[in-house]
Amino acid sequence: MRNRRGSRGSAGPAVLLALLLAFLVVATVYVFAAHVFPAPPPITQIAIQVDHQYSLTLYATGAAFVLAQLGLAYAAFRFRDRGQRAHFTRGSVLLEILWTCLTALVFLVLGILGSRVWAQVQFTPPAPDSIQIEVTATQFVYTFRYPGPDGKFGKLDPALVNAPAGNPLGLDPNDPAAKDDIVTSTLTVPVNHPVELLLRSQDVVHNFFVREMRLQQDAVPGMVIPVHFTADRTGRCEIVCTQLCGLGHYRMRSFLNVVSESAYEDFLKQQAAAQ
Ligand code: CUA
């Protein structure tokens, strides 16, 4: 027990802490409000909806953050040491129940709203006229495969995988369907055309992330994971791996080129001739 006879406490540390908290709030709100770290513009309708969902979450959690930190600043100042004896309080059970339920409600509503967008990506089959492209992740490169004019992917044999010899996927030369397969190191897709990617990994867990599409999906060894999208503007975006997959993880990236339908046809012809 402290004996503070004659002491009136000190407002200094309390004011300092309250000001520090207020500064933290203002600086944080500024970073978001001024878009100091802007995301690249979305290139799919889904990405626009994801952005909308992200904003909703940010507004809800941002409001909670501002209120909680300013409340803390107020309490730090209001209940500062004035030399009086401290007394013990058990808090309020009613308030505890109230804000626990409120928080749960906010999370539930955000989750339900977000599930619609999630379902469009994860639980909706791709359009029947989708272009299928296989994406294979390996330490530390992506390899893309188009089925070629026959529309069929040729057989792969893990025993034939030999990147230095020009067969990074292990295409079986004896399979007629493999003859016209096109293998590339960057991904080219036509604009406004649904695309279905089939993600594979040859070694460890990798990831396929394109910021402009707000699309991120792991590639897991032994699985073929489909993702689909329709890019609605042309351009070049970076594809990055976001799973720590080894020492070369930092340089594992490729590019997504969204081009016009005719440029896409030209690309396929050129690549077919170069195989
Ligand atoms: Cu692949 Cu990180």
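Helices and strands here are DSSP runs, numbered from the N terminus: a helix has at least four residues and a strand at least two. With that in hand, here are some notes on this predicted model.

1. **A cis bond to start with.** F140 is found in the loop between strand β1 (131-138) and strand β2. The peptide bond from Q139 to F140 is cis, and its omega is near 0 degrees. As background, most peptide bonds are trans.

2. **Two residues with positive phi.** Most residues other than glycine have a negative phi. H35 is not a glycine, yet its phi is positive, at about 50 degrees. You will find H35 in the loop between α1 and α2. H35 counts as exposed because its relative accessibility is 57%. N192 is another residue other than glycine with a positive phi, in this case near 55 degrees. Its place is the loop between β4 (187-190) and β5 (195-201). With a relative accessible area of 53%, N192 is exposed too.

3. **How α1 meets α2.** Helix α1 (residues 12-33) packs against α2 at an angle of about 165 degrees, and the two axes are 8 Å apart. The pair is therefore roughly antiparallel, since angles over 145 degrees count that way. The crossing of α1 past α2 is left-handed. On the α1 side, the residues making the contact include A14, V15, L17, A18, L21 and F32. On the α2 side, they include Y54, L58, F65, Q69, A73 and F77.

4. **A closer look at A73.** This residue is found in helix α2 (residues 45-78). Is A73 buried or exposed? A73 counts as buried, because its relative accessibility is 8% and the cut-off for buried is under 20%. Leaving aside neighbours within four places in sequence, A73 is in contact with A18 and L21. A73 and L19 are 54 residues apart in sequence, while their C-alpha atoms are 7.3 Å apart in space.

5. **Q69, also in α2.** Helix α2 is the place of Q69 as well. Its relative accessibility is 18%, so Q69 counts as buried. Not counting residues up to four places away in sequence, Q69 touches L21, L24 and V25.

6. **How α2 meets α3.** The axes of α2 and helix α3 (residues 93-122) cross at roughly 170 degrees and come within 10 Å. That angle makes α2 roughly antiparallel to α3. Residues of α2 that take part include I46, Q49, V50 and Q53. Among those they meet in α3 are V106, L110, L113 and G114.

7. **Aromatic pairs.** How many aromatic pairs does the structure hold? There are five. In one of them, the ring centres of Y142 and F208 are 6.3 Å apart and the planes stand at 90 degrees, so the pair is edge-to-face. Because Y142 lies in strand β2 (residues 141-146) and F208 in strand β6 (residues 206-210), this pair ties together parts that are 66 residues apart in sequence. Both Y142 and F208 are buried. Together with F144, Y142 and F208 form one aromatic cluster.

8. Y146 lies in strand β2 and Y264 in helix α4 (residues 261-274), so the pair links parts that are 118 residues apart in sequence. Y146 counts as buried, at 1% relative accessibility. Y264 counts as buried as well, at 5%.

9. **Charges over rings.** Look at F77 next: the charged end of R80 sits over its ring, 4.5 Å from the ring centre. Elsewhere, the charged end of R236 sits over the ring of F255, 3.9 Å from its centre.

10. **Q270 in α4.** Helix α4 is where Q270 is found. At 56% relative accessibility, Q270 counts as exposed. Q270 and V240 are 30 residues apart in sequence, and their C-alpha atoms are 25 Å apart in space.

Key:
Residues are numbered from 1 along each chain as its sequence is written. This is a predicted model: local features need pLDDT of at least 70, side-chain atom pairs count only at pLDDT 80 or more; totals for chains, interfaces and linings use all residues. Side-chain values use heavy atoms; hydrogens and water are left out. Buried means under 20% relative accessible area, exposed over 50%, partly exposed in between (1.4 Å probe, protein chains only). Contact means heavy atoms within 4.5 Å. Rings of Phe, Tyr and Trp (its six-membered ring) pair if their centres lie within 6.5 Å; planes under 30 degrees apart count as stacked, over 60 as edge-to-face and the rest as tilted. A charge sits over a ring if NZ of Lys or CZ of Arg is within 6 Å of the ring centre and within 35 degrees of the ring normal. Axes are lines fitted to C-alpha atoms, for helices over the stretch in contact, and angles run from 0 to 180 degrees between N-to-C directions. Angles under 35 degrees count as roughly parallel, over 145 as roughly antiparallel, 65 to 115 as roughly perpendicular and the rest as oblique. A crossing is left-handed if the near helix is turned anticlockwise from the far one by less than a right angle, and right-handed if clockwise.
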